[in-house]
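Dear colleague,

Please find below the structure that I am handing over to you. My notes on its ligand and its pockets follow.

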Amino acid sequence: MAVKRVGIIGSGIMGSGIAEVAAKSGFEVVLRSRAQSSADAMVAGLEKSLAKQVERQKLTEADRDGTLARVRAVTDLGEMADCDLVLESVLEDVETKKHLFNELDRICADGAILATNTSTLPVVEMAMVTGRPERVCGVHFFNPAPMMALVEIVRAITTSDETIAEATAFATACGKNAVQVKDQAGFIVNALLFPYLNNAARLYDAGVATRDDIDAAMKGGCNFPMGPLELLDLVGLDTSLAILEALYAEFKDPNYAPAPILRRMVTAERLGRKSRVGFYDYRK
Ligand SMILES: NC(=O)c1ccc[n+]([C@@H]2O[C@H](COP(=O)([O-])OP(=O)(O)OC[C@H]3O[C@@H](n4cnc5c(N)ncnc54)[C@H](O)[C@@H]3O)[C@@H](O)[C@H]2O)c1
């Protein structure tokens, strides 16, 4: 079955970015937010992003109009009924996601793929609350979704070959390089990346170097485009904490035990760019 209509659940950083990628790639997109105000904000954000691309001559006006016409923002989950692939990108919390998969299973057509953008959580847990565990997989985009080339296609032990092939074809049609990985916490990228980010937060907290010097060191010394503390702010400290907790729960490796500073910052609502303050201050 070829995917034509894609449902995206969650209009946060990732949901909005994936909606833009899919609509630009020619898919019909139904984006579901819980609140009408977030749905409206997502459409306004998309308009702004596309307008910038037209200004920079990276997109024609006709393609901008076509992309916008392909996106429908809704609040009713029932609108997912005629989507061929539904990709959830809500809060990184397994109970929230399981509840959603259970509802989607009741709403969506039998053959539809139900996918998760989770960074670390066990895909099989979401699969097993549905009556179609063979049609459930991970489709893990990276942040910011319109710019990052990679998508990890995650195979739970229940996922069928057909589902993996269709999800891979979807990611490829979105212009992404798809890699396949089994359902193990952190998949490839976050399993390798998060011990590094976590240890950067520990170095900072221990006063080994300043924020700016830690970031400058990794940019200048390793040729990374961003420093680790900047990257934590981009990902979101709440999401980063949830990712580390899931990794630690799975492996009990001390490198994954969240740096205490991360938990303190999340409690203080210093979530990074999304709350406009994290390791850096974005309010100025
Ligand atoms: N931030 C990243 O760099 C990144 C990268 C790849 C994947 N992810 C994954 O994408 C998913 C979303 O992350 P994000 O960064 O977009 O987070 P975000 O905080 O920007 O957005 C989360 C969205 O979930 C919604 N939400 C919260 N509770 C909900 C509930 N109970 N039911 C339904 N919706 C709910 C919020 O309203 C919001 O729209 C997570 O699974 C995360 O691990 C994040």
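Helices (H or I, at least four residues) and strands (E, at least two) are DSSP runs, numbered from the N terminus. A pocket is found on a 1 Å grid over the protein atoms alone: it is an open set of points where a 1.4 Å probe fits, with protein on both sides within 12 Å along at least five of seven lines, and its lining residues have an atom within 4 Å of a point.

The model is predicted, so local features need pLDDT of at least 70 and side-chain atom pairs count only at pLDDT 80 or more, while totals for chains, interfaces and linings use all residues. Residues are numbered from 1 along each chain as its sequence is written, and side-chain values use heavy atoms, with hydrogens and water left out.

I begin with the second largest pocket. Helix α2 (36–55) gives the most to its lining, with 9 residues. Helix α1 also supplies at least two residues there. This pocket has a volume of about 880 Å³, a volume being the space filled by probe spheres set on the grid points, which are joined across faces, edges and corners. Of its 26 lining residues, Glu20, Gly45, Ser49, Pro144 and Pro146 lie nearest its centre.

The largest pocket has a volume of about 1400 Å³. It is lined by 49 residues, and those nearest its centre are Ile13, Met14, Asn143, Val235 and Thr239. Among the elements that give two or more residues to this lining are α7 (189–205), α9 (228–235) and α10 (237–251).

What takes up the space of the largest pocket? The ligand does; a molecule sits in a pocket if more than half of its atoms lie within 2 Å of the pocket's grid points. The ligand is surrounded by 20 residues, each with a heavy atom within 4 Å of it. The closest are Met14, Glu92, Lys97, Ser119 and Lys274. Helices α1 (13–24) and α4 (94–107) and strand β6 (136–141) each supply at least two residues of this shell.

An oxygen atom of the ligand lies 2.6 Å from a side-chain N or O atom of glutamate 92. For the side chain of arginine 34, the distance from a ligand oxygen to an N or O atom is 3.1 Å. At glycine 12, a polar backbone atom is 3.2 Å from an oxygen of the ligand.

With kind regards

How values were computed
Polar contact = N/O pair within 3.5 Å; in protein donor to acceptor, adjacent residues only side chain to side chain.
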